Amino acid sequence: AKGMLVWDPAAVEKSKLEVSVEAASITSNVKGFAEELAGDAFLKSKEFPQAIFVSTAFKPVDKTRGTVEGQFTLMGKTRPITFDVTLIGAGKGFGGKPRLGVTAVASI
C-alpha cells in the first residue's frame, strides 16, 4: 500500500487523502482463501491490480470522530464511499516523523 495524507488538525475539513493498495496483497489464515479472493472469481487482481481511494471531503463530528468521503476504485469501477473514522492517537513516530493512528470502516 502507498498513500499521501495532507492533515491539518486545526482545519480537518481541508485534509486530503489518496491511497492505493495492491489487490493481490489480501491475506487470510485459511489456506488458499486469499489466493481465491485475489483470483478471477473475485478481485481479478491480475486484470485490476490496484484498489484506489481518493478523498473528496473530511467531515469532523468531534475531536476524535468524523467521516471521510471519497471515490473508491475497485476492479475498474469507481463509486462513492464514506468511511466512519476514529482517531486513535497522533504524535512523533520513528525518526521524529509525525504519526497518525485511526480506524476507518466502510461498506462496499
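Guide: Let's go through the sheet, an aromatic pair and a surface patch. The model is predicted, so to speak of local features we need pLDDT of at least 70, and side-chain atom pairs count only at pLDDT 80 or more, while totals for chains, interfaces and linings use all residues. Residues are numbered from 1 along each chain as its sequence is written, and side-chain values use heavy atoms, with hydrogens and water left out.

Visitor: What makes E3 and E4 paired strands?

Guide: Strands are DSSP runs of at least two residues, numbered from the N terminus, and two of them pair if DSSP finds at least two bridges between them. E3 and strand E4 (residues 65-74) have eight bridges, in the antiparallel sense. One of the partners here is Gln71 in E4, bridged to Val54. E3 and E4 also form a hairpin, with four residues between them.

Visitor: What order do the strands have in the sheet?

Guide: The order is E1-E2-E3-E4-E5-E6, an open sheet of six strands with antiparallel pairing. Strand E1 (2-6) and E6 each have a single partner strand, so they stand at the edges and one side of each has no neighbour in the sheet. From one strand to the next, the twist averages 30°; that angle is taken between lines fitted to C-alpha atoms, in N-to-C directions, on a scale from 0 to 180 degrees.

Visitor: Why are Phe53 and Phe83 called an edge-to-face pair?

Guide: Rings of Phe, Tyr and Trp (its six-membered ring) pair if their centres lie within 6.5 Å; planes under 30 degrees apart are stacked, over 60 edge-to-face, and the rest tilted. Two aromatic pairs come out of this rule. For Phe53 and Phe83 the centres are 5.1 Å apart and the planes 85°, so the pair counts as edge-to-face. Phe53 lies in strand E3 (residues 50-60) and Phe83 in strand E5 (residues 77-92), so the pair ties together parts 30 residues apart in sequence.

Visitor: What makes Leu100 part of a patch?

Guide: Patch residues need over 30% relative accessible area and no salt bridge, and nonpolar side chains (Val, Leu, Ile, Met, Phe, Trp, Tyr) are joined within 5 Å, like charges within 9 Å. A salt bridge puts a side-chain nitrogen of Lys or Arg within 4 Å of a carboxyl oxygen of Asp or Glu. Leu100 forms a nonpolar surface patch with Leu5, Trp7 and Val102, about 320 Å² of accessible area together, by the Shrake-Rupley method with a 1.4 Å probe.
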